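Work through the exercises below with the structure open beside you. Try each task before you read its solution.

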Amino acid sequence: MRLDVVLRVVSKLLLPFMLMFAAYVQLHGEYGPGGGFQAGVIAGAGIILYGIMFGLPAAQSIMPPKLVEFLVPLGVLIFAGTGVISFFYAMNFLDYSALGPVTGLSEQYAQILGIIVVEIGVLVTVASTMVAIFYGFAGRGQD
Amino acid sequence: MIFEQLPALIVAVPLLASVFTTMFQRGHVAWWITTLSIFSLPVMAWLMTVEVLTNGTISYAMGGWEPPIGIEYRIDAANALVILIVSAVAAVIMPYARASVTAEMASDQHAWFYTMYLLCVSGLIGIAATGDAFNAFVFLEISSLSTYTMIALGQSRRSLLAAYQYLIVGTIGATFYVIGVGLLYIVTGTLNFNDMAQRLPEAGYENAILAALAFITVGLGLKIALFPLHVWLPNAYAKAPSVATALLAATATKVAIYLLMRVFFSIYGTSIIFEQLPVLELMLILSITAMFAGSIVAVFENNAKRLMAYSSVAQVGYMTLGIAMASVLGLSGSLIHLANHAFMKGAAFLVLGAVAYRLGSVKISDMGGIGRVMPISMGCFVIAGLSLIGVPGTVGFISKYYLVLATFEKGWWWLAFLIVLSSLIAVLYVGRVVEAAWFKTPSVEMRQIGGDPPMVMLVPILLLTLGCVVFGIDASLTSGLAETAAQSLFAGWRQ
Amino acid sequence: MDLLEGIIQRYNDWITIFLMVSGLYIVVARGNMIKKLVGLSLFQTSVFLLYISAGKVIGGTAPILADGITAYSNPLPHVLILTAIVVGVATLALGLALVVRINEVYGTIEEEEIFPLEDDDA
Amino acid sequence: MEFAVNSVLLTMMAVISIAIIRMQNLFGVVILAGIYSFLMASVFMVLDAVDVGMTEASVGAGISTVLFLSVLGLVKVRESKSIHTPLLPLFVAIVTGGVLIYGTWTLPEFGSALSPANAHVGALYLERSMPDMKVPNVVTSVLASYRGFDTFGEVVVVFTAGVAVLLLLRRGSGRAKAMRRNMVARGLIPDNQLTDEERAQKEAKDAS
């Protein structure tokens with residue numbers, strides 16, 4: 001059980017770093033390898049690791065199941081919402097150039113903005129789904 | 001202006017609705033969201049169909065990126081017809097769903113069941129609308145995952161088993177499809193159907209193209225439940241919640257058949273290579289086997305839902321028979337049967353759902369005399385059954401009429417004979433249910449089950465049955481659409 | 001040298017095919033539901049290799065544009081496979097959830113032990 | 001060079017897959033599958049697919065293994081020996097392998113920038129990513145913009161799986177469950193509407 005203490009301390013220390021790494025992978029996606037998926041998986045893995053070490057209730061106190069259940073569809077909504085905006089400018093679904101007139105950015109930067117927003121949607125859904133799936137399995141083992 | 005966005009909207013509306021049904025986890029709110037969004041689909045599908053018929057093919061570039069750089073939605077008469085079928089059936093089932101889902105599921109599952117229903121519908125429409133081979137795979141998976149989940153929500157513990165088995169088979173099928181698309185991509189460098197069709201004749205690398213055809217055919221064959229790849233279907237249909245069974249039986253296999261037609265005729269049809277493999281001959285043999293084997297197994301089935309599921313295996317045989325004939329007339333027959341089968345199987349499974357709702361069982365041995373107790377529903381079942389047989393005045397007759405015409409055109413008299421012969425077997429299995437329902441005296445318990453189901457369930461049944469009769473008497477709408485659709489699938493066919 | 005490379009390349013192709021086929025074999029042959037899912041993910045993963053090796057350009061680098069580099073590998077297969085990997089794990093999660101439920105109601109995850117329980121056609 | 005490295009990695013993977021077929025301890029199988037994914041990720045890296053390698057390592061070797069292990073905590077971890085002969089599976093495997101060998105016998109030359117796959121649409125993305133959107137990682141620009149709709153579909157797939165797993169595994173909200181149990185206990189739900197579990201419980205109660 002003493003080894004356990006080391007593991008617990010390490011994983012507690014690890015959590016913020018994992019989340020930071022996820023943020024790096026997320027934001028750096030345009031310039032290097034990475035993006036919403038990879039970041040989402042890493043962030044989800046952070047919470048899962050925490051849950052494995054400290055038990056399901058501890059993980060659920062950081063990420064309540066209700067919140068997770070809300071975040072899973074929220075990511076899709078962010079993605080789809082970005083797509084729907086273009087309808088209002090008579091452009092096709094998911095045409096990020098429509099973000100130009102909204103924000104006053106040039107076409108190229110409107111594209112980049114679109115990519116960033118969409119990747120956030122991906123991150124939210126992927127990370128929360130990973131956590132949701134873990135909660136599902138871990139919750140089954142409780143009784 | 002909004003009309004130009006219809007191809008995207010028809011997929012995006014149910015997807016967005018599924019987001020909201022997930023967020024508001026209240027069963028009745030979810031039902032309203034689902035119903036309102038699903039009711040908009042047939043309207044949009046109809047507008048698109050009119051647009052296609054008047055102005056020709058619609059090409060819609062997702063994200064504003066022109067194909068083949070971006071993903072294209074390409075609507076011609078063929079997929080307009082398929083989208084129309086899917087959205088119409090999905091809408092008709094909705095009122096029925098409320099009563100049936102409430103009876104069959106725990107209340108905290110309702111909202112997310114509707115999420116799955118919406119995702120399944122949008123996945124199916126997405127497969128039909130897309131003009132991109134890989135995008136079709138993504139939407140195939142959306143519809144598949146939601147289908148597995150719906151099946152697993154059935155009441156019996158066998159539902160879980162059926163869902164698991166379908167998941168394994170379905171994933172193998174999808175992976176085969178991905179292998180096929182990968183090989184096509186390697187030799188053509190594109191994923192866009194239209195672009196692929198143009199580049200295929202000059203591509204060379206015959207081996208890879210033929211292997212791709214084999215993989216795509218087997219992969220989609222698993223989804224279609226083409227004999228002998230049908231083993232997952234009877235359990236899946238028999239054990240799913242009634243609403244899910246009706247939706248799947250009426251739409252899911254049809255969309256996969258459409259995709260197979262698209263690959264065969266619009267892509268491979270442009271190239272001489274198609275004739276180097278005996279695909280069509282093989283398909284002819286399998287279709288005929290399916291027509292007979294499916295029907296014969298159905299005759300000996302005691303569970304009415306399974307009986308109808310085996311009948312679906314046989315009916316799929318008629319649809320692929322039209323593909324195997326590779327003529328405009330044969331393909332028209334397939335497409336008409338696609339639409340008609342949605343009416344009759346939709347109606348039949350909804351009636352069986354109503355029986356399950358009142359009686360709690362769909363075993364034929366338990367259904368003795370149920371016709372006297374639930375006369376309207378079982379009357380509708382008789383009409384749907386006559387349709388399955390192909391009696392004149394019903395839609396089934398129109399389908400078979402076209403198929404028989406196509407065999408005459410080819411000079412295959414023996415095939416016309418086989419079509420008629422297999423219809424006679426349908427008399428036997430439909431007859432078994434009808435005999436139990438109408439020619440036995442109901443037991444005392446049977447008299448107490450409460451008669452026909454509530455109005456919300458009865459109206460969808462009546463609507464689909466009405467479709468069986470109306471389009472059976474005046475087939476100008478369906479057959480006109482199907483002929484135009486067959487011609488547009490054949491547009492690139494090498495002369 | 002070319003001959004040697006040709007031989008090695010053919011060897012690699014065939015090993016890839018062996019990997020796909022062995023995954024498929026596990027799915028079809030085994031009755032244990034978890035092992036089937038393992039086989040399924042092996043099968044899918046090795047199919048990805050078909051795409052990725054088609055996108056490789058010899059002498060090229062990863063498709064991240066930078067000054068002074070002229071040859072890049074093809075980004076499109078990478079994008080497709082990213083999508084396919086995520087689809088694969090989604091399917092796996094659903095499959096495992098079904099296995100957990102099946103284990104709860106049947107007490108086993110061996111198909112050969114479950115089928116005898118379901119002989120009567122209810 | 002790439003050839004040789006890949007040959008070594010692929011050979012190791014072939015050995016692992018044979019081990020997976022033979023091994024009956026599911027823990028071992030799952031761990032081997034994780035190693036397999038790691039090796040595959042390395043192969044992807046060698047083939048310049050850095051994004052894919054990263055994803056395969058985190059998803060295939062990471063998340064999948066965690067999921068498998070958390071399920072293994074709930075089920076029997078030893079696979080029982082199969083009784084029937086694997087003739088059909090062998091047939092399926094051999095035919096599939098045969099068609100694959102036939103299909104890949106002559107393919108565009110490996111690694112050529114002029115092969116159809118690399119010269120047609122793929123090359124267009126490399127040319128246009130900078131002028132269109134100033135994104136140097138072309139994988140990101142294709143993923144999120146040119147083929148953004150695919151990615152949207154993919155997010156929906158993940159969403160579907162998330163909802164599906166919760167729907168199947170979530171312990172029903174206490175109130176709905178209790179209401180249902182109460183109704184079953186008081187006999188308010190007709191027998192034919194009971195789930196198998198409820199029926200078994202009821203029969204057990206009736207018997208006692």
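Predicted model: local features only at pLDDT ≥ 70, side-chain atom pairs only at ≥ 80, totals over all residues.

Residues are numbered from 1 along each chain as its sequence is written, chains are lettered from A and ligands numbered from 1 in the order in which they are written, and side-chain values use heavy atoms, with hydrogens and water left out.

**Exercise 1. Describe the interface of chain B and chain A.**

Step 1: count the residues. Contact means heavy atoms within 4.5 Å. On that rule, 18 residues of chain B touch 17 residues of chain A.

Step 2: find the area. Buried area is the accessible area (1.4 Å probe) that two parts lose on being put together, summed over both. Here that area is about 1400 Å², with 71% on carbon and sulfur atoms. On the chain B side, B:Gln5, B:Met23 and B:Gly63 lose the most, together 31% of what that side buries.

Step 3: A salt bridge needs a side-chain nitrogen of Lys or Arg within 4 Å of a carboxyl oxygen of Asp or Glu. The rule finds zero salt bridges between chain B and chain A.

Step 4: name the elements. Helices (H or I, at least four residues) and strands (E, at least two) are DSSP runs, numbered from the N terminus. Helix H1 (6-23) and strand E1 (58-61) of chain B each give two or more residues to this side. H1(B) gives the largest share, eight residues.

**Exercise 2. Describe the interface of chain C and chain D.**

Step 1: count again. 75 residues of chain C are in contact with 88 residues of chain D.

Step 2: take the area. The two chains bury about 7600 Å² between them, and carbon and sulfur atoms give 74% of it. In chain C, C:Tyr25, C:Lys56 and C:Leu65 lose the most, together 9% of what that side buries.

Step 3: check the charges. This interface has three salt bridges. One joins the side chains of D:Glu79 and C:Arg30 at 2.9 Å, N to O.

Step 4: sort the chain C side. Helix H1 (2-29), H2, H3 and helix H4 (111-114) of chain C each give two or more residues. H3(C) gives the most, with 23 residues.

**Exercise 3. Which residues lie nearest the centre of the largest cavity?**

Step 1: define the search. On a 1 Å grid over the protein atoms alone, a cavity is a set of points where a 1.4 Å probe fits but cannot get out, and lining residues have an atom within 4 Å of a point. The whole structure holds eight cavities of 30 Å³ or more.

Step 2: pick the largest. This cavity has about 280 Å³ of space. Its lining has 25 residues, and C:Ser41, C:Thr45, C:Leu92, D:Gly60 and D:Ser64 lie nearest the centre.

Step 3: trace the lining. H2(C) gives the largest share, seven residues.

**Exercise 4. Which helix gives the most to the lining of the second largest cavity?**

Step 1: get the volume. The second largest cavity has about 130 Å³ of space. Of its 16 lining residues, B:Leu124, B:Ser143, B:Tyr166, B:Lys223 and B:Ala252 are closest to the centre.

Step 2: compare the helices. Helix H4 (110-129), helix H5 (133-152), helix H8 (206-224) and helix H10 (242-267) of chain B each supply at least two residues. H10(B) gives the most, with six residues.

How values were computed
1 Å grid on protein atoms, 1.4 Å probe; cavity = no way out; pocket = protein on both sides within 12 Å on 5 of 7 lines; lining within 4 Å. Points joined across faces, edges and corners; volume = space filled by probe spheres on them.
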